[in-house]
Amino acid sequence: MVEILIKPIVTEKMNLLSDKFGRYGFKVDKRANKHEIRKAIEDIYGVKVTSVNTMVYAGKLKSRFTKGGVISGRQNAYKKAIVTLSKGENIDFYSNI
């Protein structure tokens with residue numbers, strides 16, 4: 001289960017979505033499907049998941065200019081899952097701090 005969820009996405013936009021609609025974002029394994037993601041979140045956090053939406057992001061090309069010339073590289077591709085919880089449920093990412 002832990003291999004499916006890579007890390008939660010904690011940004012201002014995701015915090016707004018979680019407060020307003022009860023949606024939380026996670027970076028997940030690219031091979032995981034919606035059923036596996038739902039089961040992993042329900043098992044780890046002990047909440048009831050209503051729906052799971054997934055997006056696959058392609059890696060972006062990045063380059064920067066240095067004294068030694070142009071350095072080019074590529075960011076890794078990743079899969080993102082937006083999970084909607086049932087009414088009244090929430091996940092506290094900061095409880096372990």
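1. Phe93 is partly exposed, since its relative accessible area is 22% (buried means under 20% relative accessible area, exposed over 50%, and partly exposed in between, with a 1.4 Å probe and protein chains only). This is a predicted model, in which local features need pLDDT of at least 70 and side-chain atom pairs count only at pLDDT 80 or more, while totals for chains, interfaces and linings use all residues. Residues are numbered from 1 along each chain as its sequence is written, and side-chain values use heavy atoms, with hydrogens and water left out.

2. Five aromatic pairs turn up in a search of the whole structure, where rings of Phe, Tyr and Trp (its six-membered ring) pair if their centres lie within 6.5 Å, with planes under 30 degrees apart counted as stacked, over 60 as edge-to-face and the rest as tilted. The rings of Tyr45 and Phe93 have centres 6.1 Å apart and planes at 85°, so this pair is edge-to-face. Because Tyr45 lies in helix α2 and Phe93 in the segment after β6, the pair ties together parts that are 48 residues apart in sequence; helices (H or I, at least four residues) and strands (E, at least two) are DSSP runs, numbered from the N terminus. Tyr45 is itself partly exposed, at a relative accessible area of 31%, and one aromatic cluster is formed by Tyr24, Phe26, Tyr45 and Phe93.

3. The rings of Tyr57 and Tyr78 have their centres 5.0 Å apart and their planes at 20°, so that pair is stacked. With Tyr57 in strand β3 and Tyr78 in strand β6, the pair ties together parts that are 21 residues apart in sequence. Tyr57 counts as partly exposed at 31% relative accessibility, and Tyr78 is partly exposed with a relative accessible area of 27%.

4. Two charges deserve a remark, under the criterion that NZ of Lys or CZ of Arg is within 6 Å of the ring centre and within 35 degrees of the ring normal. The charged end of Lys27 sits over the ring of Tyr78, 4.4 Å from its centre, and Arg23 lies over the face of Phe21, at 5.2 Å from the ring centre.

5. On strand pairing, which requires that DSSP finds at least two bridges between two strands, β2 and β6 run antiparallel and are joined by six bridges. The bridge partner of Lys27 in β6 is Lys80. Strand β1 (residues 5–9) pairs with β2 in the antiparallel sense over four bridges, and Leu5 stands opposite Val28 in β2.

6. Leaving aside neighbours within four places in sequence, Ile41 is in contact (heavy atoms within 4.5 Å) with Leu5, Phe26, Gly46, Val47, Val49, Val83 and Ile91.

7. Thr84 lies in strand β6 (residues 78–85) and is buried, with a relative accessible area of 14%. Not counting residues up to four places away in sequence, Thr84 touches Phe21, Gly22, Arg23, Val49, Thr50 and Ser51.

8. Gly69 lies in strand β5 (residues 69–74) and is partly exposed, with a relative accessible area of 27%. Gly69 and Gly22 are 47 residues apart in sequence and 47 Å apart in space, C-alpha to C-alpha.
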